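Good morning, and thank you for coming. Please look at the sequence and the model while I go through two of its features.

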Amino acid sequence: MAKQDIKQTRTTVDDVNEKLTSFEQRLENNKKLIYYIVGALVVVVAAVAIFVMVRNNGIQDAQKMVNKADMEYMTKGDSAGLVAYKKAANESYAPANRAAQMAASILYKQQKYDEAIQMLEGSSFNGKILGPSALSLLADCYVNKKNYDKALSAFDQAINKAGDNESLTPLLMKKKATVLHATKKYDEELALYEEMKSKFPKSALQMNIDKYVERAKASK
């Protein structure tokens, strides 16, 4: 009986030792896994930090170029400003958008509509004011090229971006209505004027809007 108890005790001890060894091995393996995970996280964090630093430096450099272009434009006029804005527009960061749009506005004044369109369509229409304004300029370019469908599409985008802006949105709607009238889309023109009257009753454009409503009705 005593021998059996000794045998059972040894078996139990052996089992415990085996379990401890297995646990230690799993712990060792998990340590390696943890080290790999921590190492990977360190690499990711470092990469993100480098990306943010490079991006911030890039934005600052791009903004400096745009500021320099502004100065060239104000002190030396359209030609020098256009060269500087085009150069700044080649950057890959947000300030380049305004540079492209400023270049497009100069090209528009020079009646170089295709070049202006190229500059605008290569930019992003961000900002509650700059975005709609740039889209309006794009629409104006298309109007001058008599591409009225693209002009109306650009005006729609501009109006959508401007939202409830009481100063900008009615002006964009009026410009779109003018194109609708020129293309004899009188029902759409009338609907747009009625929408202006309803949504923006305090707009300065309300002063003559009834005249345009009657004109659209009479033209149908």
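In which hand of crossing, left-handed or right-handed, does H5 pass H7? The crossing is left-handed, that is, the near helix is turned anticlockwise from the far one by less than a right angle, clockwise being right-handed.

A word on the source: this is a predicted model, in which local features need pLDDT of at least 70 and side-chain atom pairs count only at pLDDT 80 or more, while totals for chains, interfaces and linings use all residues. Residues are numbered from 1 along each chain as its sequence is written, and side-chain values use heavy atoms, with hydrogens and water left out.

To return to the pair, the axes of H5 (residues 130–144) and H7 (residues 168–182) come within 11 Å and cross at roughly 15 degrees. Helices here are DSSP runs of H or I with at least four residues, numbered from the N terminus. Axes are lines fitted to C-alpha atoms over the stretch in contact, with angles from 0 to 180 degrees between N-to-C directions. The two helices are therefore roughly parallel, a term for angles under 35 degrees.

H5 makes the contact (heavy atoms within 4.5 Å) through Pro132, Ser133, Ser136, Asp140 and Val143, and H7 through Leu168, Leu172, Lys175 and Val179.

My second feature lies elsewhere in the numbering. Helix H2 (78–89), helix H3 (95–109) and helix H4 (113–121) each supply at least two residues of the lining of the largest pocket. H3 gives the most, with three residues.

Thank you for your attention.

Conventions. Angles under 35 degrees count as roughly parallel, over 145 as roughly antiparallel, 65 to 115 as roughly perpendicular and the rest as oblique.
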